[in-house]
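Here is a short briefing for a new reader. Take a look at the structure first, then go through the points by topic.

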Amino acid sequence: MAGGGAVKPEPHRPGSFKQPNKQHKSGRHRTKGSLERDSRGRVSVKTIGKKMRKDLKKHDRRHKANQIRQQKREAVLTEKRLLGSKEGPPHLVGVIVLHSGTSAQDSLRLIQSSEIASVYKHDDSGERFGLVCPRFKQRFYFTRVNAGDIHAVLDLAKVADTLMFVLDPHEGWDSYGDFCLSCLFAQGLPSHVFVVQGINDLPIKKRVDTKKNLSKMLEKRFLDAKLFHLDTEQEAVLLIRHIATQKQRHIAFRDRRSYLLAEQVAFEAGDEGGLVGTLKVSGYVRGHGLNVNRLVHIVGHGDFQMCQIDGPPDPMPLHPKAPKRREDSEMRDPCTEMEEDLKVLMKADSRKQELLELEVVPDPMEGEQTWPTDEELREAEDALKESKKIVRKVPKGTSDYQAAWILDDEEVDEEEGSDEDMEGDELMGETVSQASDESGDEEEIGEECETLTVPESIRDDHYDEKVDEEEERVMLEKYKQERMDEMFPDEVDTPKDVAARVRFQKYRGLKSFRTSPWDPKENLPRDYARIFQFQNFTRTKKRIFNQIEEEEEGAMPGWYVTVHICNVPISVMESVKAEVPLVLFTLLPHEQKMSVLHFLLRRHPSNAEPIRSKEEMVFHCGCRRFRAPPLYSQHTAANKFKCERFVRSNTTVVGSVYGPITFPPASVLMFKQRMNGMHDLIATGSVLKADPDRVAVKRITLSGHPFKIMTKTSVVRYMFFNREDVLWFKPVELRTKWGRRGHIKEPLGTHGHMKCLFDGQLKSQDTVLMHLYKRVFPKWAYDPHVPNPVAWEKSESNVNVQEIEMD
């Protein structure tokens with residue numbers, strides 16, 4: 001090598017297997033700061049009209065959240081300040097006694113004797129009065145109802161701002177008081193306060209234990225309850241202050257409606273007979289504004305129209321005006337003073353007033369067809385020639401000529417049966433005669449025993465007089481049916497005297513209950529021609545709620561008004577009593593129309609009696625009270641819902657009735673009326689929706705016994721009793737209780753034996769089942785007129801128990 005210099009090494013050259021790294025794409029990943037510097041505050045045209053929720057900075061989002069929080073806080077404070085003030089309605093306090101041995105008269109008398117307030121009495125009994133406290137700048141209206149009338153208690157709780165519960169110093173509340181609390185919890189409990197009277201009359205050593213026992217009783221149901229003693233006027237002032245300043249609880253179904261508690265009621269006959277007329281109801285408007293063009297619902301009596309709203313002077317002003325001088329009153333005309341005091345606020349507009357359109361009047365000639373004319377026949381022939389070709393699925397390579405001869409599958413319509421098969425599908429066991437009662441012998445043995453006292457034997461002697469034998473027999477039959485339905489669900493016996501294809505002609509088989517289609521518009525009953533249906537119930541509800549929030553027309557909340565209600569029967573006026581409140585609610589649009597209403601119900605723990613489908617029940621649905629027989633079905637996520645014959649405990653079911661449309665959220669209470677007139681709480685829940693297309697399917701199960709068992713083939717008997725029935729039900733799939741599936745292969749003989757093929761060998765203990773389905777509908781028995789139940793009174797047995805304890 002010349003020169004003797006160093007040789008430079010060659011650089012490394014990567015091969016073909018080198019891993020190429022991802023190149024950095026500069027200019028695409030830009031920070032928010034760089035974007036703001038480049039834009040210099042300019043905003044593109046596309047983002048001007050949109051909500052810039054995501055484009056706000058961190059401090060702007062925090063500032064916006066603080067503004068929303070402050071607005072909600074101010075709205076709550078404004079609502080709290082308006083209630084009972086000069087511009088708002090008086091604070092409505094409902095007084096409810098929770099113990100039969102306690103009276104509220106002493107408590108109300110002590111509240112009225114307070115020196116810080118002036119009393120405005122509305123009746124002679126002293127149970128309804130107004131209270132104006134200039135010191136607190138608050139107005140109150142106290143009203144009491146009979147605790148034995150559960151409907152009156154619930155009606156008062158629908159409109160009351162605060163409920164004042166009067167407790168017994170020894171026991172707190174009794175069994176019926178516990179029943180009232182359960183109903184109020186299910187409907188929606190407003191703000192409440194607990195009052196006890198008579199603690200100071202007890203011995204000093206027992207006062208502390210009595211207070212502890214009452215506090216423990218309250219803590220079981222009310223976590224934040226505070227017990228107030230009401231023995232002196234100072235304690236009455238503290239109670240009034242607490243009622244005025246406590247937090248108000250909202251009830252869902254009355255937040256978007258206007259409601260009113262009647263304080264003065266008058267009836268003006270509209271015809272010669274005096275059976276129908278105009279009802280004039282005076283009271284304070286609460287909730288939303290009262291629009292005269294809306295419909296009004298009188299709880300327990302039905303829906304009516306309003307024709308006029310007057311504005312009489314406030315009967316209990318917070319700052320009463322000074323009386324006019326005598327000279328001025330003599331100079332003025334008394335008629336002019338009347339006109340100034342009574343102002344007509346609104347009159348109904350016939351163009352805007354909602355109609356009392358409860359049902360759709362069906363046209364009997366709507367489905368009829370007259371004989372076509374010659375011109376119509378020619379047009380039909382021309383249209384038939386120009387009609388499009390029928391699209392059919394044919395084998396590959398089939399010509400048009402061959403495809404014309406391929407027929408479609410035809411469905412054979414089932415013959416219509418009688419409507420009475422609904423009641424015949426239930427399992428009807430034989431009537432078991434009631435065994436002779438041996439309680440008489442036991443009572444004789446008990447009387448000879450020296451350890452028993454005379455009062456207990458007297459109670460046992462009178463016990464049989466109160467037992468209704470007919471009611472006991474009916475209840476025993478229901479218990480038997482519920483037990484049989486629980487042990488053998490949906491199983492029915494195939495009749496021997498009637499062919500099965502005739503008896504079960506309305507039923508069909510389904511390949512899969514979950515996925516098989518079922519058209520909700522087929523074979524509808526005639527009652528469906530009388531109801532209304534929404535195209536989209538959720539969208540309509542949202543639109544109506546938005547309209548209500550924007551509406552500002554009508555009498556504002558807090559005004560004292562007189563509502564003129566048209567075409568009211570005189571029975572409404574006759575039912576007005578001091579201890580039964582008359583409550584008015586305005587209805588939202590479409591809420592007077594009939595549809596299929598669905599309730600989400602759960603059985604109340606206190607009820608243990610069997611609840612059978614289509615038994616007549618009394619419902620408290622939001623602001624309504626009506627009577628209807630519900631149809632129960634399962635609550636699942638599917639397009640078909642299995643019908644339930646009985647309501648099981650610890651399960652949620654859907655009750656369907658024909659009733660007026662009610663927009664959720666709204667609470668639902670279901671009562672059952674006893675033979676003696678009292679009502680028992682059966683189930684509680686809420687309104688689900690109004691949907692006539694909800695398919696409730698009833699399932700029956702025909703059972704058979706495997707007679708001869710081969711590898712996969714078995715001979716089954718006792719499912720049918722003639723050959724024609726086997727051929728009729730041959731397409732329906734068979735199942736067994738142990739999970740086998742199969743189908744009928746062929747009939748054997750003439751006595752209903754059939755050869756069946758299964759997917760495995762049967763066991764001798766297995767039972768072959770055939771499931772049949774039919775859509776069912778509720779009964780049209782809606783009754784809006786529900787009389788008040790028999791008031792609960794203290795029974796003789798309770799009197800004897802108390803006398804024994806006192807002795």
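His297 lies in strand 12, which spans residues 295-298. The model is predicted.

**His297**
- His297 has a relative accessibility of 3%, under the 20% cut-off, so His297 counts as buried.
- Its side chain makes a polar contact with the side chain of Asp303, at 2.7 Å.
- The His297 side chain also reaches the backbone oxygen of Gly302, at 3.3 Å.
- Leaving out residues up to four places away in sequence, His297 touches residues including Val583, Leu584, Phe585 and Leu587.
- Cys623, Arg624 and Arg625 are also among the residues His297 touches.

**Strand 5**
- Strand 5 is mostly covered, with six of its six residues buried.
- Thr162, Met164 and Val166 point one way from the strand.
- Leu163, Phe165 and Leu167 point the other way.

**Partners of strand 5**
- Strand 1 runs parallel to strand 5, and five bridges join them.
- Gly94 has Leu163 of strand 5 as its bridge partner.
- Strand 6 (residues 191-196) also pairs with strand 5 in the parallel sense, over six bridges.
- Thr162 has Ser191 of strand 6 as its bridge partner.
- Strand 5, helix 5 (residues 175-187) and strand 6 form a right-handed β-α-β unit.

**Helix 3**
- Helix 3 covers residues 105-112, and its buried residues are Ser107, Leu108, Leu110, Ile111 and Gln112.
- These buried residues pack against several elements, among them strand 1 (91-97), strand 5 (162-167) and helix 7 (233-245).

Terms used. Residues numbered from 1 in each chain as written. Predicted model: local features only at pLDDT ≥ 70, side-chain atom pairs only at ≥ 80, totals over all residues. Heavy atoms only, no water. Buried < 20%, exposed > 50% of the residue type's maximum accessible area, 1.4 Å probe, protein only. Helix = DSSP H or I, 4+ residues; strand = E, 2+ residues; numbered from the N terminus. Contact = heavy atoms within 4.5 Å. Polar contact = N/O pair within 3.5 Å; in protein donor to acceptor, adjacent residues only side chain to side chain. Pairing = 2+ DSSP bridges. Right-handed = clockwise from strand over helix to strand, strands pointing away.
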